[in-house]
Amino acid sequence: MTQVIFFSYSGNSKKIAEIISKELKAEIFEIKTKIKLPYIIWLILSFIPFISFPIKDFEVKGEIIYLCFPKWTFNCPPVTSLIKSKKLAGKVIYLVISYGGWRVESYAESYAKFINKNGGKVKGIFLIRRGEEYKIKDIINNKDNNNK
Ligand SMILES: Cc1cc2nc3c(=O)[nH]c(=O)nc-3n(C[C@H](O)[C@H](O)[C@H](O)COP(=O)(O)O)c2cc1C
């Protein structure tokens, strides 16, 4: 079973997740934090590598997971929290990262390594620039010859 899991602050990763879920007829699930924080606090936390932030508990049901989330400086704490929980262990993961325009490759690579270290198997990385969410549809339908 394929499951789409996303975290989104301003809606772009959510849009991408919805397209994937529709294309693959996969269940979709939103990562929610236990407390909502203002932008400035997220910005500060995003500078601290590997810091996590508590998320509401949920079950990772799929064997194949599309994990959609934004590029946040060095770290997206709610996603880091999910990875540290080891709930992605043994799962095949496609990373789908929404970004504004800078240094997304190294971020994606470091998340891929971190997931693999915590037992997941990252099989593909898709980088989607803000405003180009529609592109994910073609990318996932041709994913064997597209790794970006
Ligand atoms: C705290 C924070 C840090 C960000 N840092 C970066 C960054 O380093 N590089 C980048 O390209 N975009 C950065 N962005 C922009 C987001 O990656 C971009 O707007 C993305 O589409 C947001 O996805 P969302 O709507 O799912 O939250 C940052 C946004 C936030 C809120």
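1. With 16 C-beta neighbours inside 10 Å, T73 counts as partly exposed, because a residue is called buried if 20 or more other C-beta atoms lie within 10 Å of its own, exposed if 12 or fewer, and partly exposed in between, with C-beta atoms placed from the backbone. T73 sits in the loop between β3 and α3 (77-84), and although T73 is not a glycine, its phi is positive, at about 40 degrees. Helices (H or I, at least four residues) and strands (E, at least two) are DSSP runs, numbered from the N terminus.

2. This is a predicted model, in which local features need pLDDT of at least 70 and side-chain atom pairs count only at pLDDT 80 or more, while totals for chains, interfaces and linings use all residues. Residues are numbered from 1 along each chain as its sequence is written.

3. K86 also has a positive phi without being a glycine, in this case of about 70 degrees. K86 belongs to the loop between α3 and β4, and K86 is exposed, with 12 other C-beta atoms within 10 Å.

4. The sheet is open and has five strands in the order β2-β1-β3-β4-β5, with parallel pairing, where two strands pair if DSSP finds at least two bridges between them. β2 (27-30) and β5 (121-129) stand at the edges with a single partner strand each, so one side of each is left without a neighbour in the sheet. From one strand to the next the twist averages 20 degrees, the axes being lines fitted to C-alpha atoms, for helices over the stretch in contact, and the angles running from 0 to 180 degrees between N-to-C directions.

5. Strand β1 (residues 2-6) pairs in the parallel sense with β3 (residues 64-70) over five bridges, and T2 stands opposite I64 in β3. β1 is also joined to β2, again in parallel, by four bridges, with V4 opposite I28 in β2. Between β1 and β2 the chain passes through α1, and this β-α-β crossover is right-handed, that is, with the strands pointing away from the viewer, the path from the first strand over the helix to the second runs clockwise.

6. The ligand is surrounded by 22 residues, the closest being S8, N12, S13, P70 and G100; a residue counts as near a molecule or strand if its C-beta atom, placed from the backbone, lies within 6 Å of it. The elements that give two or more residues to this shell are α1 (12-24), α2 (39-45) and β4 (92-99), and the largest share, three residues, comes from α1.
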